[in-house]
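Here's a quick briefing to read alongside the model. Have the viewer open and click through as you go.

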Amino acid sequence: MAMSQQDIRASIQTLCERDNEMRAVYVHLDQMLDWPINETFQLMILLDELKKRMKDDVVHFTFKKKDGSIRQAYGTRANDVLIHRDSVPDGGQKQSRGTFPYFDIERQAWRCFKIETLMDIDRGYTI
């Protein structure tokens, strides 16, 4: 059964109330892209999952690069466990409006992608 727009808005509000980063994601998607609410909600759920999984693990995910090509990345935000202390920049990772920062395991450096370009998370990938 499909969610009503009212239910979607309530779910988005719940996500935003507990997480400043998700609040910024919503503002970007709502103000900058003017997407339909159901598409905004689907992407927010995917980004929330990516964020939660990266907190403790390496995640394999896919996004579309600026040139239109598809990038498969392996990233994390698990500073204490997976990222060498020398790789953590002073003050942590910087985040530009509308981007999602992550530590790229293959390149051993902080990277980011535009949030609206996230395509998928490989839920079967484990390290």
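Phe-63 is buried in this predicted model, with a relative accessible area of 6%. Phe-61 counts as buried too, because its relative accessibility is 0% and the cut-off for buried is under 20%.

**Aromatic rings**
- Phe-61 and Phe-63 belong to one aromatic cluster, together with Phe-100, Tyr-102 and Phe-113.
- Searching the whole structure turns up eight aromatic pairs. One of them is Phe-61 with Phe-63, a stacked pair with 6.0 Å centre to centre and 25° between the planes.

**The fold as a whole**
- You'll find four helices and five strands in the protein chain, and along the sequence they follow the pattern α-α-α-β-β-α-β-β-β.
- The protein chain has 127 residues, and 39% of them count as buried.
- Take the contacts between residues at least 6 apart in sequence: 55% of these join residues at least 24 apart.
- The protein chain exposes about 7900 Å², with carbon and sulfur atoms supplying 47% of that.

- The five strands make an open sheet in the order 4-3-2-1-5, with antiparallel pairing.
- Strand 4 (109–114) and strand 5 (118–121) are at the edges; each has a single partner strand, so one side of each has no neighbour in the sheet.
- From one strand to the next, the twist averages 40°.
- Helix 3 (residues 37–54) lies across strand 1, strand 2 (70–76), strand 3 (99–104), strand 4 and strand 5. Helix 3 runs at about 55° to strand 5.

**Strand 1 and Thr-62**
- Strand 1 (residues 59–64) pairs with strand 5 in the antiparallel sense, over three bridges.
- Thr-62 sits in strand 1, and its bridge partner in strand 5 is Asp-120.
- Is Thr-62 buried or exposed? Thr-62 counts as buried, because its relative accessibility is 14% and the cut-off is under 20%.
- Beyond its neighbours within four places in sequence, Thr-62 is in contact with Ile-70, Arg-71 and Gln-72, and also with Thr-117, Leu-118, Met-119 and Asp-120.

- How many residues of strand 3 are buried? Six of its six are, so strand 3 is mostly covered.
- Thr-99, Pro-101 and Phe-103 point one way from strand 3, while Phe-100, Tyr-102 and Asp-104 point the other way; all are buried.
- Strand 2 and strand 3 pair in the antiparallel sense over two bridges. Thr-76 has Phe-103 as its bridge partner in strand 3.
- On to strand 4: six bridges join strand 3 to strand 4, and the two run antiparallel. Lys-114 in strand 4 stands opposite Thr-99.
- The hairpin of strand 3 and strand 4 has four residues between the strands, and in this hairpin Gln-108 takes a positive phi near 50°.

How values were computed. Residues are numbered from 1 along each chain as its sequence is written. This is a predicted model: local features need pLDDT of at least 70, side-chain atom pairs count only at pLDDT 80 or more; totals for chains, interfaces and linings use all residues. Side-chain values use heavy atoms; hydrogens and water are left out. Buried means under 20% relative accessible area, exposed over 50%, partly exposed in between (1.4 Å probe, protein chains only). Contact means heavy atoms within 4.5 Å. Accessible areas come from the Shrake-Rupley method with a 1.4 Å probe; for residues, only the protein chains shown count as cover. Rings of Phe, Tyr and Trp (its six-membered ring) pair if their centres lie within 6.5 Å; planes under 30 degrees apart count as stacked, over 60 as edge-to-face and the rest as tilted. Two strands pair if DSSP finds at least two bridges between them. Axes are lines fitted to C-alpha atoms, for helices over the stretch in contact, and angles run from 0 to 180 degrees between N-to-C directions.
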